[in-house]
Amino acid sequence: MIDLASPFLKALLKHSKSPIIIFKVKPVLAVVEHNDAYQALIERVGGLKFYDINIIPNLLSDAEKTDLIKTVQQVSQLKAKGMLVIHPIYSNSPNVKWELEFSPVLQNDRPVEYIICSLREIPLDENDLEHILFELSESEARFRGFFEQAPLGMCVLKGPELITEYANDNILKLWGKSRKEVIGISQEEARPELEKQQALVKRVKDIFKYGQSLTINELKLSTPVSDGYFIAFYEPLKNDKNEVTRILVIIKDITEQVNFKKELLKAKDILKIAMDASEMGSWNIDLESKQVLLSERAQQIYELENNRLGIEEAKSLISPEDIGHLTSSIRSALHHRNAFNIEYQINLNGIGGKSKWLRTAGKAYYNKQGKAVYIAGAVLDITEHKQDEIRKNDFIGMVSHELKTPLTSLSAYVQLLQYKFKETDNDFTIQILDKVNVQLKRMSLMIDGFLNVSLLESGKILLNKTNFNLVDLIKTIAEENRMVLPSHFIQVIGLEEMIVNADIEKIGNVINNLIGNAAKYSKKESLIAIKCEMQKGYAVVSVEDEGIGIRENDIPRLFDRFYRVESPDTKTIAGFGVGLYICAEIMERHQGKIWAESKLGKGSTFYFSLPTSNDQITPLT
């Protein structure tokens, strides 16, 4: 059954300009729905109220009323459209005829229950000048209304002379003219600037010869008002003899888009120059087709004959030691919708063949549904830099290792002298030996730091995990530092017991480093508070000082290798920027975390967390 309450049906009826009614077949012509145009019609022709909608049969002669009923029955029985012209002689408009078109509403094999009827008024005398003029004036008014309200520049040019017949405000503003200066005047006469655009004028005039539309993209126009780029549409308007009599011109200003496009191309060229200068290549992974597309430089880096390869083929080039880290980093970036920057090694001729070190950075791009469709990025060959780094780390490791032997001997001699002079009253010598011993310990710690960096870079650092009480370790290290750093008050607060499974020596190095940094960057006789607590299955240790603090923009780089905060307050403080880097690496290998919070001039707090068991734990955020 037809849904008369359907919003879709009501919208269709409302937007139709012709009178439309829907009526039931039984009883004949019982109107069940109609539009505003029909309501206006019956009020005009019958002087009737809104509710009297079944008026049509009462306006007809008996003969025409019979014809109307017969036509409706035929449409119903044949399930086919029907037409009928009637003369509403008993109406306020006896000088017109009504052309009725009936369309049955078909519902599968069921009998027709409803018929849709559209109505068109026809002057009784086709030469009725008054009616024709009324229709023309109505049509012209609608045309002018559309013309003036259009958001684009529009005009109508008449004849091969291109006489301006209509022009809206937008195009007049573009030309810098008033209607008086252009209406009824040829374009070439009204707009002298067209003298320099004769090729364009000729193409427009040719529309009258060939009757074909013309579209010009990125048309550069110079007018007295401004210069710019436009897209122009020239549409031929034909008479009943299929002759082109006028041209409708529609012009849209696209200067902003063209300039943006030019800037984009300029930026693209600059980026290409920069990438060529840095010998960087680009790549693109289509996640649908699982194909990798390489730029010419990227193809050279991978030493490939083709610039396309499948994802599995690309993965086969990556060193087995790095494939896991690389894929997990990309998956994490896809999940969090952020960029990634990774170093990895590739084997060009299989395992044992030629290898290269590469650095790649990239980002995923998503469709409207939020699905990743491709990943794009850049790749750089860092083999030479990496080899220099490896040689440097090997050298540092070798030198540090060689320094350990004489340093150990020197420490032993100092301890022997300390033991011997304890039996004497030579306080000055004892104090000097104590200070020498402190400096030897600091030097030993620095050398251990360089050795640890070397081991970390070469991947040779190993963890010897055992279960131990983290609080006892903190208290022991705090007591040792009280002797080495008598200028500061070191206090341990919090829980008395936290059992963790970790490398006790490496965790001790972290705690020592954080306490040493707290003392180094804070005034004498200030407090260093070490706190232990449990959070979500993690042991969390914090070391808080009352020092100089750290700028907010320096905090993210604190744990980078060899990074030191540059400020007037740190110029006189010794250090190489490896301590926090080693701490971060140790925490990563323990599946823990290290971070810092600080306010400039008010002190800093460094935290690290360790899992309290080997069970899978949700990381702290």
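Visitor: What makes the crossing of α15 and α16 right-handed?

Guide: In this predicted model, the crossing of α15 and α16 is right-handed because the near helix is turned clockwise from the far one by less than a right angle. The axes of helix α15 (residues 470–484) and helix α16 (residues 504–520) come within 10 Å.

Visitor: What makes the contact of Arg482 with Glu479 a salt bridge?

Guide: The closest N and O atoms are 2.8 Å apart, and the cut-off is 4 Å, so the pair counts. Both residues lie in helix α15, three residues apart, about one turn of the helix.

Visitor: How do you know that Arg120 and Glu99 form a salt bridge, and what parts does the pair tie together?

Guide: Their closest N and O atoms are 3.3 Å apart, which is within 4 Å and therefore meets the rule. Arg120 lies in strand β5 (residues 114–123) and Glu99 in strand β4 (residues 96–104), so the pair ties together parts that are 21 residues apart in sequence. By this rule the count comes to 19 salt bridges.

Visitor: Why is Glu99 called partly exposed?

Guide: Glu99 has 23% relative accessibility. Buried means under 20% and exposed over 50%, so Glu99 is in between. Arg120, at 46%, is also partly exposed.

Visitor: Is Glu585 buried or exposed, and how do you know?

Guide: Glu585 has 18% relative accessibility; the limit is under 20%, so Glu585 counts as buried. Glu585 is found in helix α17 (residues 579–589). Phe559 is 26 residues from Glu585 in sequence, with 8.9 Å between their C-alpha atoms.

Visitor: Which other residue has a positive phi of about 55 degrees although it is not a glycine?

Guide: Glu303 does, in the loop between α10 (296–302) and β13 (308–310). Its relative accessibility is 42%, so Glu303 counts as partly exposed. Glu303 is also linked with Lys356 and Asp381 in a network of salt bridges.

Note on methods:
Residues numbered from 1 in each chain as written. Predicted model: local features only at pLDDT ≥ 70, side-chain atom pairs only at ≥ 80, totals over all residues. Heavy atoms only, no water. Axes fitted to C-alpha atoms, helices over the stretch in contact; angles between N-to-C directions. Helix = DSSP H or I, 4+ residues; strand = E, 2+ residues; numbered from the N terminus. Buried < 20%, exposed > 50% of the residue type's maximum accessible area, 1.4 Å probe, protein only. Salt bridge = Lys/Arg side-chain N within 4 Å of Asp/Glu carboxyl O.
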